[in-house]
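The points begin with single residues and then turn to the chain as a whole.

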Amino acid sequence: MRFWDEQLLPRVIDVLLSDRVTGRWREQACGGTSGEVLEVGFGSGTNLQHYPPAVRHLLAVEPADVAWRKAAPRIADFGRPVTRIGLDGASIDLPDDSVDAVVTAYTMCTIPDLDSALSEFARVLRPGGRLHFVEHSLSPEPAVAARQRRWQPWWEKVAGGCHLDRDLPALVVGSGFVLDDLDAFQTPGPGFAKPLGWLTIGRTAPL
Ligand SMILES: C[S@@+](CC[C@H](N)C(=O)[O-])C[C@H]1O[C@@H](n2cnc3c(N)ncnc32)[C@H](O)[C@@H]1O
């Protein structure tokens, strides 16, 4: 699976989560950010075109070298500094109170130690800073949630450790963030794909 995870999956994600498919939701999640922004799970930089001009510096945490390399043209188009500062959202090499916003897109499903990552997000956020996210999550529809749990054992193997069965807004709130707003809805698509499509777009501040 190493070749799949390290070489092919980042390329597959770049296509499946392309801006054509996900752009409007990325726009919503990145809206209102400014100053120094930390994006955890930066991938191939698909969010970059959605950051407002008020974002001065983008700090990126991304473990996949292939994804980081694929981001190069988008970084060039962004026209502002983008610095890769680490490989794991659960251990962020930044001082306390050092960023104005933390952004995640389709990433909190995958971070193995999400509790530690959420503590790190709270630690590095300046007072008044917010966590902005767009993430697929556990469906509130019992039949879909049951399928998400049934699919989980094979899904995480093919999808780089992604969890379909994480209730991400609840986990974020459970680790001490207060939700400013949350939009949660089923994305359009065929019924069989519903386990992949309960989307949550939120903005939260640490307590
Ligand atoms: C489904 S992809 C989403 C990529 C990108 N955020 C996007 O929206 O296109 C999940 C990303 O999380 C990254 N990732 C996996 N484990 C991580 C970790 N521990 N810390 C930070 N990012 C991680 C993966 O390398 C991958 O780029």
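**Note on the predicted model**

1. Histidine 57 is found in strand β2; helices (H or I, at least four residues) and strands (E, at least two) are DSSP runs, numbered from the N terminus. The structure is a predicted model, in which local features need pLDDT of at least 70, side-chain atom pairs count only at pLDDT 80 or more, and totals for chains, interfaces and linings use all residues. Residues are numbered from 1 along each chain as its sequence is written, and side-chain values use heavy atoms, with hydrogens and water left out.

2. With a relative accessible area of 19%, histidine 57 is buried (buried means under 20% relative accessible area, exposed over 50%, partly exposed in between, with a 1.4 Å probe and protein chains only). Not counting residues up to four places away in sequence, histidine 57 touches Gly35, Glu36, Val37, Pro81, Val82 and Thr83, where contact means heavy atoms within 4.5 Å. The side chains of histidine 57 and threonine 83 are joined by a polar contact of 2.7 Å. A polar contact is a pair of N or O atoms within 3.5 Å; within protein, one must be able to donate a hydrogen and the other to accept it, and residues adjacent in sequence count only if both atoms are side-chain atoms. Between the C-alpha atoms of histidine 57 and glycine 79, 22 residues apart along the chain, the separation is 9.9 Å.

3. Aspartate 100 has its place in strand β4, residues 99-105. Its relative accessible area is 27%, so aspartate 100 is partly exposed. Although aspartate 100 and glycine 35 are 65 residues apart along the chain, their C-alpha atoms are separated by 6.0 Å. Beyond four places in sequence, aspartate 100 touches Ser34, Gly35, Glu36, Leu125, Arg126, Gly129 and Arg130. With arginine 126 there is a side-chain polar contact of 3.0 Å.

4. Serine 44 is found in the loop between β1 (35-40) and β2 (55-61). Serine 44 counts as buried because its relative accessibility is 6%. Its side chain makes a polar contact of 2.6 Å with the side chain of aspartate 14. Leaving aside neighbours within four places in sequence, the contacts of serine 44 are Asp14, Ala67, Lys70, Ala71 and Arg74.

5. Serine 139 lies in another loop, between β5 (125-136) and α6 (142-158). A relative accessible area of 6% makes serine 139 buried. Apart from neighbours within four places in sequence, serine 139 is in contact with Val144, Ala145, Gln148 and Trp198.

6. The protein chain holds 7 helices and 7 strands. From the N terminus on, the elements run α-α-β-β-α-α-β-β-α-β-α-α-β-β. The radius of gyration of the chain is 16 Å, close to the 17 Å that the globule rule gives for 207 residues, so the chain is as compact as a globular protein of that length. This radius is taken over C-alpha atoms, and the globule rule is 2.2 Å times the number of residues to the power 0.38.

7. Along its principal axes, the C-alpha trace spans about 45 × 40 × 30 Å. Of the 207 residues in the protein chain, 48% are buried. Among contacts with a separation of 6 or more, 70% are accounted for by residues 24 or more positions apart.
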